[in-house]
Amino acid sequence: MYNFTDEQLRRYARHFRLKECGFKGQAKILESSVLIIGAGGLGSPVALYLAAAGVGHIGIIDEDAVDLSNLQRQILHTTAEIGIPKIESAKSKLLALNPHIDVSTHHTMLKADNALEILSHYDIIVDGSDNFATKFLINDACVLLNKPYSYGGILRFSGQSMSIKPKQSACYACVFDSPPPEGSVPNCASAGVFGSIAGILGSIQATEVLKIITNIGEPLYNQLLSVDTLTMNFRKIKLKRNPHCRVCGENGITQLQDYENPQCALH
């Protein structure tokens with residue numbers, strides 16, 4: 001049995017009172033490790049909620065610095081931090097919220113030559129990226145490492161999310177196969193994104209991660225959750241794993257590749 005401190009008993013009291021979570025579930029959260037890829041619109045709420053929940057080790061990978069245009073949706077960062085690396089801004093907020101967790105930072109872009117090494121140190125991966133190249137690379141790396149992960153994508157007033165359990169549920173490539181041609185899909189910079197959409201989808205992703213850690217409920221395996229906030233319509237699309245998927249199928253990939261980089265992951 002996990003030996004909770006008095007401070008932890010108070011901090012996580014609302015989790016302890018949930019019969020589905022309780023002491024056993026909170027102990028799993030404290031012992032877990034999660035890597036968040038991207039400290040932007042999606043990564044911000046994911047990181048804050050996982051830190052608040054007590055995830056023992058949170059990793060954040062991002063190569064960018066805080067920009068004024070980020071602040072409309074990226075709630076980890078402040079005006080005073082414009083120009084500093086996002087990973088530094090993110091780490092300071094997470095430790096201020098919960099000083100008892102460990103936060104590791106990776107100031108780099110995720111690429112085929114570093115993805116396996118970075119992801120291998122974490123139990124669960126969160127895709128908070130904003131481009132197809134990274135999303136397909138995350139999927140490939142998680143399949144090769146057999147790491148569960150949460151996918152999220154936002155654009156304009158809409159968002160999508162699904163959870164992937166490699167070799168058991170549909171992976172990202174089972175659904176989308178390969179990145180679209182350059183210029184065929186608008187990006188967030190050109191099409192815009194309603195700031196609060198990032199909070200909705202990021203909160204869904206954080207919830208999925210905590211469900212996977214604690215084995216509570218039914219994660220979005222083999223389901224794509226589509227959200228249209230103009231109508232507040234939430235729709236689940238049932239998916240099936242493709243046995244011939246080029247990534248997770250019978251003759252799937254054995255090594256990583258870098259993809260071309262048209263931005264934003266919502267069709």
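This report looks at one helix pair and the nonpolar cores in a predicted model.

## How α4 meets α10

Let's start with the helices. Helix α4 covers residues 43-53 and helix α10 covers residues 195-214; their axes sit 8 Å apart and the packing angle is about 40°. As for handedness, the crossing of α4 past α10 is right-handed.

Who does the touching? On the α4 side, the contact uses Pro 45, Val 46, Tyr 49, Leu 50 and Ala 53. On the α10 side, the list runs Ala 198, Gly 199, Gly 202, Ser 203, Gln 205, Ala 206, Val 209 and Leu 210. Sort the contact residues of α4 and α10 by type and you get 9 nonpolar, 4 polar and no charged.

## The largest core

The largest nonpolar core holds 34 residues, and Leu 35, Ile 37, Leu 110, Leu 119, Ile 125, Tyr 149 and Cys 171 have the most contacts inside it. At least two residues of this core come from each of β1 (33-37), α6 (115-119), α7 (132-145), β5 (149-155), β6 (158-164) and α8 (172-176). The top contributor is α7, with 8 residues.

Leaving aside residues up to four places away in sequence, Ile 125 touches Leu 35, Ile 37, Leu 119, Ile 138, Cys 142, Lys 147, Pro 148, Tyr 149 and Ser 150.

Another core, of 26 residues, lies apart from the largest one; its members include Val 55, Ile 58, Val 126 and Ala 206. Ala 206 is also one of the α10 residues in the contact with α4.

Methods:
Residues numbered from 1 in each chain as written. Predicted model: local features only at pLDDT ≥ 70, side-chain atom pairs only at ≥ 80, totals over all residues. Heavy atoms only, no water. Axes fitted to C-alpha atoms, helices over the stretch in contact; angles between N-to-C directions. Helix = DSSP H or I, 4+ residues; strand = E, 2+ residues; numbered from the N terminus. Left-handed = near helix turned anticlockwise from the far one by under 90°. Contact = heavy atoms within 4.5 Å. Nonpolar A, V, L, I, M, F, W, Y, C, P; charged D, E, K, R; others polar. Core = buried A, V, L, I, M, F, W, Y, C linked by side-chain atoms within 4.5 Å. Buried < 20%, exposed > 50% of the residue type's maximum accessible area, 1.4 Å probe, protein only.
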